[in-house]
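Okay, thanks for coming, everyone. Have the model up on your screens while I talk, and stop me whenever you like.

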Amino acid sequence: MRRVRYESTGGPLFVEEAPVPEPGPGELLVRCAAVGVTLPMVRKVAEAAEPVQLGGEVAGEVVAAGEGATRFRVGDRVTGLCFGHGYAEFALLHEAMTSPIPDDADAVTAVALVRSGLVALGALEAARLAPGESVLVTAAASGVGHLAVQLARARGAGRVLGAVSGPTKAETLAGRAKADFVRSLGADDCMQYDDDSWGDPVDCVLDAVGGDLLTSALAALAPHGRLVAYSSGGGTVQAYDLLVGAKSVIGFQMALIARGRPDLYEQWRQDLWRLFAEGTVKPAVHGEFALEDAAAAHAVITSRANLGKVVLRP
């Protein structure tokens, strides 16, 4: 089979021939039809001291099952998270973290919706968003962010705002395109990170960026507001900034829910597909790339140019 690999920090990425893997206990072998490209994986390639296996969201057809994997049969269409080589024609998925794809959805839709949507939905749950409250989503044009904007509206938020990265102030065309995209999803307004003001304070911030942006995200909260951090970008929060406004910072990681609360994971998954079937949530795909063009897909994510999900098509 063909798969993407790299040999040193930062790449380059290349396609190689490799044996088709054998599913172990509790695993499914899936012929990949679509693979999601995520910012955490792009960061690992650029920053990890040693090369990592290129994993992530995968959707395709089950072709074999390991011992004890009984939920799915050969021929079933599924999506799940691959912890090994996922940028490939075949990948291994842990059955416990694999979900069926409905008949009315294709593999690209599944990759764009499920994992990113679960993160967005989980972040909103962690924020304890109440009907009528206001919410601000950073990285609002990203694979997770654009779904979080729609889900916040669907869950009754009174005001939904987005914040996005942009070019320099002298080159605002791309920034405007992102802002227009976020507004088209149902956001009341969208600003760039370096704007002088992010508008009136909000009850909740869903932050996918971290780092230096945490200061601005925390400042955007009203008194008693909640910031949910689900970024791989890290960052530091000053305790005094929490004390003066009685604000809270909550960490969220989807893997903990998938492993520790499979019942909740399944409930959220069903909620996402229901909202998709109703037309309430519509995943956007920025572009589809061949395995040979994985570096170009990573470049889109690195430049923060994507409007929605970036997908590989093996």
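I'll go through the sheet, a few helices and then some single residues.

Housekeeping before that. This is a predicted model, where local features need pLDDT of at least 70, side-chain atom pairs count only at pLDDT 80 or more, and totals for chains, interfaces and linings use all residues. Residues are numbered from 1 along each chain as its sequence is written, and side-chain values use heavy atoms, with hydrogens and water left out.

Also, when I say helix or strand, I mean DSSP runs numbered from the N terminus: H or I over at least four residues for helices, E over at least two for strands.

Let's take the sheet. Six strands make an open sheet, with parallel pairing, in the order β10-β9-β8-β11-β12-β13. Pairing here means DSSP finds at least two bridges between the two strands. Which strands sit at the edges? Those are β10, 189–192, and β13, 248–251, each pairing on one side only. From one strand to the next the twist averages 20 degrees. If you zoom in on β13, its parallel pairing with β12, residues 221–229, runs over four bridges, and there you'll find Arg 226 opposite Ser 248 of β13.

Now look at helix α3, residues 145–154. Is it buried or exposed? Eight of its ten residues are buried, so the helix is largely enclosed by the rest of the structure. Buried, by the way, is under 20% relative accessible area, exposed is over 50%, and partly exposed is in between, with a 1.4 Å probe and protein chains only. The buried ones are Gly 145, His 146, Leu 147, Ala 148, Val 149, Gln 150, Leu 151 and Ala 152.

Next, β14 and β15. Strand β14, residues 285–289, pairs with β15, residues 309–312, in the parallel sense over four bridges. Getting from β14 to β15, the chain passes through helix α9, residues 294–302, in a right-handed β-α-β crossover. Right-handed means that, with the strands pointing away from the viewer, the path from the first strand over the helix to the second runs clockwise. In that pair, Phe 289 stands opposite Leu 312 of β15.

Within β15 there's a lysine, Lys 309, and it is buried, with a relative accessible area of 4%. Between α9 and β15, in the loop, sits Arg 304. Arg 304 has a phi near 60 degrees, again positive in a residue other than glycine, and at 33% relative accessible area it is partly exposed.

So what does α9 meet? Its axis and that of α1, residues 39–47, come within 10 Å and cross at roughly 105 degrees. That makes α1 roughly perpendicular to α9. For the record, axes are lines fitted to C-alpha atoms, for helices over the stretch in contact, and angles run from 0 to 180 degrees between N-to-C directions. Under 35 degrees counts as roughly parallel, over 145 as roughly antiparallel, 65 to 115 as roughly perpendicular, and the rest as oblique.

Who makes the contact, meaning heavy atoms within 4.5 Å? From α1 it's Leu 39, Met 41, Val 42 and Val 45, and from α9 it's His 298, Ile 301 and Thr 302.

Skipping neighbours within four places in sequence, His 298 touches Leu 13, Val 37, Met 41, Val 42, Val 45 and Tyr 87.

Another histidine to click on is His 85, in the loop between β5, 77–82, and β6, 90–94. Leu 54 is 31 residues away from His 85 in sequence, but 5.2 Å away in space, C-alpha to C-alpha. Again leaving out neighbours within four places, the contacts of His 85 include Arg 3, Val 4, Gln 53 and Phe 90.

Last one. The peptide bond from Gly 11 to Pro 12 is cis, with omega near 10 degrees, and Pro 12 is in the loop between β1, 2–5, and β2, 14–17.

How values were computed. Contact means heavy atoms within 4.5 Å.
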